Amino acid sequence: MTWLRRNLVALIVIVLALPALAFVLVGVPVLDRAAHTQQVVPVSAGTTIEAGGYSFTVTASQEFPGTGTGPGTNSIPTGSSLIGVLVDAEPVVGPVPDNNFCDAELTSRAGGVDRVWRAVTSPSDFAYEVGDDRTTICLLDDQETFELEQVFLVPAGVYASATLDLVVGSTTYRFELPRE
């Protein structure tokens, strides 16, 4: 009986801590995954969608294969490519969303593997110039027409299977890229 009295507090703490630990290890990741689950809507090349008070159309995309650095090259690493994507955004009549931005990622599911690439923050590092009347930031608060230009550094060969995922609110619009 003396052992039980000496260890009673520790036993109570263990009995109370185990369910809390189980919730942290299992419950929190499940709830987090459920909270970040977004609806994915496939969009054919050339199709316009309406979201967040704007209409969005992917108008052009192009791959720029890397030739390395040095004289007569394009400063894109060999074995890599830059992919440039243009998105026209025009305001439409309707409710303006609470979050006033959108986000774009280049994705590929080739070979059964999901891959995601974020936009390059400084395309000029690769001798790529963003158009004068274009922006690399997707803000939806001015209710003005804009052209979004996103640039992605990817491994060579990705362009053939790439799509642009445009996230507006809680929905991801997966655009097929127009290829010429």
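Which residues form one aromatic cluster? Tyr54, Phe56 and Phe146 do, and they get a close-up of their own below. Please keep in mind throughout that this is a predicted model.

**Close-up A. Tyr54, Phe56 and Phe146 come together in one aromatic cluster.** The structure holds three aromatic pairs. In one of them, Tyr54 and Phe56 sit 6.2 Å apart, centre to centre, with 35 degrees between the ring planes. Tyr54 has a relative accessibility of 0% and counts as buried. Phe56 is buried as well, with a relative accessible area of 1%.

**Close-up B. A disulfide joins Cys102 to Cys138.** Searching the whole structure turns up one disulfide, and here it is. The S to S distance is 1.6 Å in this model. The link between Cys102 and Cys138 is right-handed, with 95 degrees about the S-S bond. Cys102 belongs to strand S5 (residues 102-108), while Cys138 lies in the loop between strand S7 (134-135) and strand S8 (146-155), so the link ties together parts that are 36 residues apart in sequence. Both cysteines, Cys102 and Cys138, are buried.

**Close-up C. Strand S10 pairs with S1 and with S9.** Take S1 to begin with: strand S1 (residues 39-43) runs parallel to strand S10 (residues 171-176), and five bridges connect them. Along this pairing, Val43 stands opposite Phe175 of S10. Strand S9 (residues 162-168) pairs with S10 in the antiparallel sense, over six bridges. Here Asp165 faces Arg174 of S10 as its opposite residue. S9 and S10 also form a hairpin, with two residues between them. Gly169, in the turn of that hairpin, has a positive phi of about 65 degrees.

**Close-up D. The largest pocket holds about 210 Å³ of space.** Its lining is made up of 15 residues, and those closest to the pocket centre are Ala60, Ser61, Gln62, Phe64 and Gly84. Strand S3 (54-65) and strand S4 (80-91) are the elements that each give two or more residues to this lining. S3 gives the most, with five residues.

Conventions: Residues numbered from 1 in each chain as written. Predicted model: local features only at pLDDT ≥ 70, side-chain atom pairs only at ≥ 80, totals over all residues. Heavy atoms only, no water. Pairing = 2+ DSSP bridges. Helix = DSSP H or I, 4+ residues; strand = E, 2+ residues; numbered from the N terminus. Disulfide = S-S within 2.5 Å. Buried < 20%, exposed > 50% of the residue type's maximum accessible area, 1.4 Å probe, protein only. 1 Å grid on protein atoms, 1.4 Å probe; cavity = no way out; pocket = protein on both sides within 12 Å on 5 of 7 lines; lining within 4 Å. Points joined across faces, edges and corners; volume = space filled by probe spheres on them. Phe/Tyr/Trp six-rings, centres within 6.5 Å; stacked < 30°, edge-to-face > 60°.
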